[in-house]
Amino acid sequence: MKLFRKVIFWCHLVAGVAAGLIILMMCVTGVLLAYERQITYWADTRGYQVQPPSPAIARQGVETLLANVRAVRPGATAVTLRADPTAPAEVSFGREGNIFVNPYT
């Protein structure tokens, strides 16, 4: 009877550890998916910061910024401006990817 109990105990322990590892992997990947946009933005900018040429100069408008980018590289579809004044503007080209530009120049 003791041998049977040991076998059941170890089978239960191995199955529990395996299930725990699978659940842990699902939790970690779920968190990564939940913060995908933030992680991608952090990885893409790599600490890029822009400084306005002077405190009196404001950011360009979205239309002006988009027109300037389209003059150099056509196909820009969207612009994202962040609230942080030192964050670069993100210009999207659909499936082709994104670029970061200085919104002050």
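The charged end of arginine 73 sits over the ring of phenylalanine 93, 4.1 Å from the ring centre. The model is predicted. Its largest nonpolar core has nine residues, and Phe93 is one of them.

**Around phenylalanine 93**
- Beyond four places in sequence, phenylalanine 93 touches Val69, Arg73, Pro74, Gly75, Ala76, Thr77, Asn98 and Ile99.
- Among these contacts, Val69 and Ala76 also belong to the largest nonpolar core.

**Nonpolar core**
- The largest core consists of Leu65, Leu66, Val69, Ala76, Val79, Ala89, Val91, Phe93 and Val101.
- Helix H3 (62-72) and strand E2 (89-92) each supply at least two of its residues.
- H3 gives the largest share, three residues.

**Helix H3: two faces**
- Leu65, Leu66 and Val69 are the buried residues of H3.
- They lie on the same side of H3, because they cover an arc of only 95° around the axis.
- Exposed Glu63 and Ala71 sit on the face turned away from that buried side.
- The cover over the buried residues of H3 includes strand E1 (78-80), E2 and strand E3 (98-101).

- Glutamate 90 is found in strand E2.
- Its relative accessible area is 13%, so glutamate 90 counts as buried, the cut-off being under 20%.
- The side chain of glutamate 90 makes a polar contact with the side chain of arginine 82, at 3.1 Å.
- Outside four places in sequence, glutamate 90 is in contact with Tyr41, Ala78, Val79, Thr80, Arg82, Asn98, Ile99 and Phe100.

**Aromatic pairs**
- The whole structure holds two aromatic pairs.
- Phenylalanine 9 and tryptophan 10 pair edge-to-face, with 5.4 Å centre to centre and 80° between the planes.
- Phenylalanine 9 is partly exposed, at 48% relative accessibility.
- Tyrosine 41 and phenylalanine 100 have ring centres 6.2 Å apart and planes at 65°, so this pair is edge-to-face.
- Tyrosine 41 lies in helix H2 (residues 36-45) and phenylalanine 100 in strand E3, so the pair ties together parts 59 residues apart in sequence.
- Tyrosine 41 is partly exposed, at 21% relative accessibility.
- Phenylalanine 100 is also partly exposed, at 22%.

Conventions
Residues numbered from 1 in each chain as written. Predicted model: local features only at pLDDT ≥ 70, side-chain atom pairs only at ≥ 80, totals over all residues. Heavy atoms only, no water. Core = buried A, V, L, I, M, F, W, Y, C linked by side-chain atoms within 4.5 Å. Buried < 20%, exposed > 50% of the residue type's maximum accessible area, 1.4 Å probe, protein only. Helix = DSSP H or I, 4+ residues; strand = E, 2+ residues; numbered from the N terminus. Contact = heavy atoms within 4.5 Å. Polar contact = N/O pair within 3.5 Å; in protein donor to acceptor, adjacent residues only side chain to side chain. Arc of directions from axis to C-beta. Phe/Tyr/Trp six-rings, centres within 6.5 Å; stacked < 30°, edge-to-face > 60°. Lys NZ or Arg CZ within 6 Å of the ring centre and 35° of its normal.
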